[in-house]
Amino acid sequence: MRVVEASTLVPGTTLRQPVYNEHGKMIVNANIPLTEEMINRIHKLAIPFVLVHAQSSEYLIGMTNISKPLRTEITEKIEDTFVKLISEDFNLRGLSLEKNSSRPKEMIKSLQNELWQQKDVLSLLVDVLLYDEYLFTHSLNVAMYSLGIGTALDLSKNELNLLGVGALLHDIGKMAIPKKILNKRDRLTDDEYAFIKQHTIAGYDLLRQVSCIHPIVADCALQHHEKINGSGYPKGLFGEEIHLFSKIIGIADFFDAVTSNRVYRQAMLPHEGLALLMNGSDKLYDAKLISIFSDLLTVYPTGLHVKLSDK
Ligand SMILES: [Fe+2]
């Protein structure tokens, strides 16, 4: 499988996943050779990328037709972001990593080194940023929250790097979802929601194709929406069946999603997001991990002064 720009589709290519319009109606089915007419239908929808079956001779990570200067520019943008994360005082919606230990900057630096050594991982991250800036920012936030929890759990440097890469790429399957569905203001139809859920499998399939990527990283993409009571997706796994990293990323993902402004929803304040997370403690999310995450956050909104009791 590979991700390709829809504008580069040629007849005979087969899609890995069907293409839907904004009403959730299937426009072109998967696994059948595309005709010119089908490609025109896809172009009319203005979908930027689609997932196709890779030919054995093809390079697995697509979008090779993106110009080199643009790729270099985006790579530099990612590098600058990491430099800022390392050099400035880190505070993300109440998350103060410094509070946790002296390791946070070290661990972000280590993740940055990992990305620059594994060019395929960096290339995928460039693809994410090119697809959608919010998806990139969200992935980066999820990585910072996840690393905060991972550090508090005293994970090794190697484990933290895997957790960080898993978090950065956890939603990569969303590149296969049309933006019209991804950023829809109105309530999703059942078909659209079912399609969005596919991003877990799409991400897993994509990451499993990249030989330098550890299988745990692909599992993070597959399992980050699983819930410990079995109510999650795509497999409905229970408790211990879900990998620790996926449980951590699931918590970070939920918190960042509800505390971010989206076209269809106003951001919650950090303490509201945390309260919602705690509601799911031991039902949806691992209680110990939530407690660790809550300890990492200083959730009082800026300007709110807490009156101390006289007693
Ligand atoms: Fe997701």
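Which residues of α12 meet Gly 273, Leu 276 and Leu 277 in α13? See point 3 for that one.

1. Ground rules. This is a predicted model, where local features need pLDDT of at least 70 and side-chain atom pairs count only at pLDDT 80 or more, while totals for chains, interfaces and linings use all residues. Residues are numbered from 1 along each chain as its sequence is written.

2. Overall picture. The chain has 14 helices and four strands (DSSP runs numbered from the N terminus: H or I of at least four residues for helices, E of at least two for strands). Of its 311 residues, 37% are buried (20 or more other C-beta atoms within 10 Å of the residue's own; 12 or fewer is exposed, in between is partly exposed, and C-beta atoms are placed from the backbone). Taking contacts between residues at least 6 apart in sequence, 68% join residues at least 24 apart (a contact puts the two C-beta atoms, placed from the backbone, within 7 Å).

3. The α12/α13 pair. On the α12 side, Ile 251, Phe 254, Phe 255 and Val 258 do the meeting. Helix α12 (residues 244-258) packs on helix α13 (residues 270-279) at about 140 degrees, with the axes 9 Å apart (lines fitted to C-alpha atoms over the stretch in contact, angles running from 0 to 180 degrees between N-to-C directions). So α12 is oblique to α13 (under 35 degrees is roughly parallel, over 145 roughly antiparallel, 65 to 115 roughly perpendicular, and the rest oblique).

4. The core. Ile 251 turns up again here: along with Val 50 and Leu 207, it has the most contacts inside the largest nonpolar core, which has 74 residues (buried Ala, Val, Leu, Ile, Met, Phe, Trp, Tyr and Cys joined through C-beta atoms within 7 Å). Helix α6 (residues 133-152) gives the most to this core, eight residues. Beyond four places in sequence, Ile 251 contacts Leu 277, Tyr 285, Leu 289, Ile 290 and Phe 293.

5. The α4/α7 pair. Helix α4 (residues 104-117) and helix α7 (residues 157-168) pack at about 65 degrees, axes 9 Å apart, so α4 is roughly perpendicular to α7. Leu 111 sits in α4 and counts as buried because it has 25 C-beta neighbours inside 10 Å. Leaving out residues up to four places away, Leu 111 touches Asn 161 and Gly 164.
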